[in-house]
Amino acid sequence: MKEQGLLFSEDSLLPEKLPQIQELRPSNNLSAVFEECHNYIYANEGMLKDKIFHEMVKLIIIKLHDEKSAKQSVNFGVTASEYKAIVANKSDEFMSRLSQLFTSIKNHYRGFFTDDTFKLKPLTLAYIVGRLQYINLTKTSGDIKGEAFQTFVNRHQRGDRGEFFTPHPIVRLAVEMIDPKPNEKIIDPACGSGGFLIQAINHVRQNNPEFDIASFVQESITGIEFNPDVALSGMIRLVFEGGTGSEIICTNALIEDEKLNNSFDVILTNPPFGNKGKVEDQKILQSYLLARKWHKSASNSWEVSPTVLAGQSPDILFIEKSIKLLRAGGRMAIILPDGLLQNISNGPIRHWLRSQTKILGVVSIPPEAFVPYGTG
């Protein structure tokens, strides 16, 4: 195996001391920095793209958290002497300090991290930290951060990660149809990497250029995502838009949480479909009318029975969950399989849906739209 290339020469410009917070500067080309970091990891670690993605997200979150908590000198940095110790395979303060930062964010964002250690080698970590340490991510413009992270997300969403992403044209269409307003609370109960939420934020920003977007994100945007790794990417995207990270809740949205019910004006979502298995947890199913058996009454209308099914498709449960989350008069755009609206066996679901909502439109989307493509 080729020996990992050194990052700096002996006369490098690595600092002798950690940077002061006032020395950090906004970046004008964050996409290029992320690209360099990706290429270095790819060349020296032999990682798959999804692993690269999660390690980079981990470090970006640590960087943001350090900027917000730093009083004078930052802890997210690497000095010349620390780098020489890494090259010589000696114990160094750099790894100890970075591990402490990681422990700090794990405690701050409980439930988001499925691992306890860095997966990158110390020399690789030194490269990433060295490239980022003088950048002020907090003060870098939202547009630059958003574009950089979206490019980075798109690069890593192909293949088996594609299931967590809704194609952007479909997201944009749904948001424009619903037309969210600055005074409305918005949720995606199956938010993945946050595509619907980011587009909703962009929609409000474009239509209200003087509006305080950071306050809007913190007060009006909520996402729920079950997969901790995917939730991390949604969290950092909202942090880049001015959020705190707490806007994303890492949990199973189908578990009943009454404090969220009747709380939102807008729902935008693409829930997981049932072709990869049904929900069989009886504690969850008991909370849903659409997880019960239905039968035709004497008047030829559908009636629900007390019998809970052995399993139900998640997309069907997400319909009921989403309607529970909406306030009276709220609006929802939801992506569903065609069969739910067409198959005879789904008659009870359509009956219940018509009894609870006013359906304003159904847009048919060709299956090809969801095939992973290009850069997303």
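**Figure 1. Glu55 and Lys58 share helix α2, sitting 3 residues apart, about one turn of the helix.** This is a predicted model, as are all the views that follow. The two side chains form a salt bridge, and their closest N and O atoms are 2.8 Å apart. An α-helix has 3.6 residues a turn, so residues three or four places apart point the same way. Are these two partners buried or exposed? Glu55 counts as buried because its relative accessibility is 4%, and Lys58 counts as buried too, at 3%.

**Figure 2. Lys63 is a buried lysine of helix α2.** Helix α2 covers residues 49-69 and includes Lys63. With a relative accessible area of 1%, Lys63 falls under the 20% cut-off and is therefore buried. What does the side chain of Lys63 reach? Look for the backbone oxygen of Ile135, at 2.7 Å from the Lys63 side chain. Ile135 is also one of the residues in contact with Lys63 once neighbours within four places in sequence are set aside; the others are Leu24, Phe76, Leu132, Gln133 and Leu137. For orientation, the C-alpha atom of Val74, 11 residues away along the chain, is separated from that of Lys63 by 9.2 Å.

**Figure 3. Glu256 and Lys321 form a salt bridge, with 3.9 Å between the closest N and O atoms.** Glu256 belongs to the loop between β3 (248-250) and β4 (264-269), while Lys321 belongs to helix α12 (residues 314-325), so this pair ties together parts that are 65 residues apart in sequence. The two ends of the bridge are worth looking at in turn. Glu256 is partly exposed, at 27% relative accessibility, whereas Lys321 is buried, with a relative accessible area of 2%. Please include Lys324 in the view as well: Glu256, Lys321 and Lys324 are linked in a network of salt bridges.

**Figure 4. Arg327 and Asp265 meet through their side chains in a salt bridge of 3.2 Å, N to O.** Here the partners come from two strands: Arg327 lies in β7 (residues 326-334) and Asp265 in β4, so the pair ties together parts that are 62 residues apart in sequence. Arg327 counts as partly exposed, at 33% relative accessibility. Asp265, at 15%, counts as buried.

**Figure 5. Helix α9 (residues 213-220) has the buried residues Ile213, Phe216, Val217 and Ser220.** Why are these four on the same side of α9? They cover an arc of only 105 degrees around the axis, which puts them on the same side of the helix. The elements that cover the buried residues of α9 include β1 (186-188), α8 (195-207), β2 (221-225) and α10 (228-240). At the start of α9, a side-chain oxygen of Asp212 comes to within 3.3 Å of the backbone nitrogen of Ala214.

**Figure 6. Gln199 is a buried residue in helix α8.** Its relative accessible area is 10%. Which residues does Gln199 touch, beyond those up to four places away in sequence? They are His168, Val171, Arg172 and Val175.

**Figure 7. A nonpolar patch on the surface is formed by Leu173, Met177 and Val363.** Together these residues have about 270 Å² of accessible area. Met177 is found in helix α7 (residues 168-178). With 52% relative accessibility, Met177 counts as exposed, because exposed means over 50%.

**Figure 8. Thr138 sits in the loop between α5 (122-132) and α6 (142-156).** Thr138 is partly exposed, with a relative accessible area of 38%. Leaving aside neighbours within four places in sequence, Thr138 is in contact with Leu64, Glu67, Lys68 and Lys145. Gly242 is 104 residues away from Thr138 in sequence, but their C-alpha atoms are 8.6 Å apart in space.

Figure 9. Of the 376 residues, 50% count as buried. Among contacts with a separation of 6 or more, 79% come from residues 24 or more positions apart. The chain exposes about 18,800 Å², with carbon and sulfur atoms supplying 51% of it.

Definitions and conventions:
Residues are numbered from 1 along each chain as its sequence is written. This is a predicted model: local features need pLDDT of at least 70, side-chain atom pairs count only at pLDDT 80 or more; totals for chains, interfaces and linings use all residues. Side-chain values use heavy atoms; hydrogens and water are left out. Buried means under 20% relative accessible area, exposed over 50%, partly exposed in between (1.4 Å probe, protein chains only). Contact means heavy atoms within 4.5 Å. A polar contact is a pair of N or O atoms within 3.5 Å; within protein, one must be able to donate a hydrogen and the other to accept it, and residues adjacent in sequence count only if both atoms are side-chain atoms. The arc is that of the directions from the helix axis to the C-beta atoms. Patches are made of residues with over 30% relative accessible area and no salt bridge: like charges are joined within 9 Å, nonpolar side chains (Val, Leu, Ile, Met, Phe, Trp, Tyr) within 5 Å. Accessible areas come from the Shrake-Rupley method with a 1.4 Å probe; for residues, only the protein chains shown count as cover. A salt bridge is a side-chain nitrogen of Lys or Arg within 4 Å of a carboxyl oxygen of Asp or Glu.
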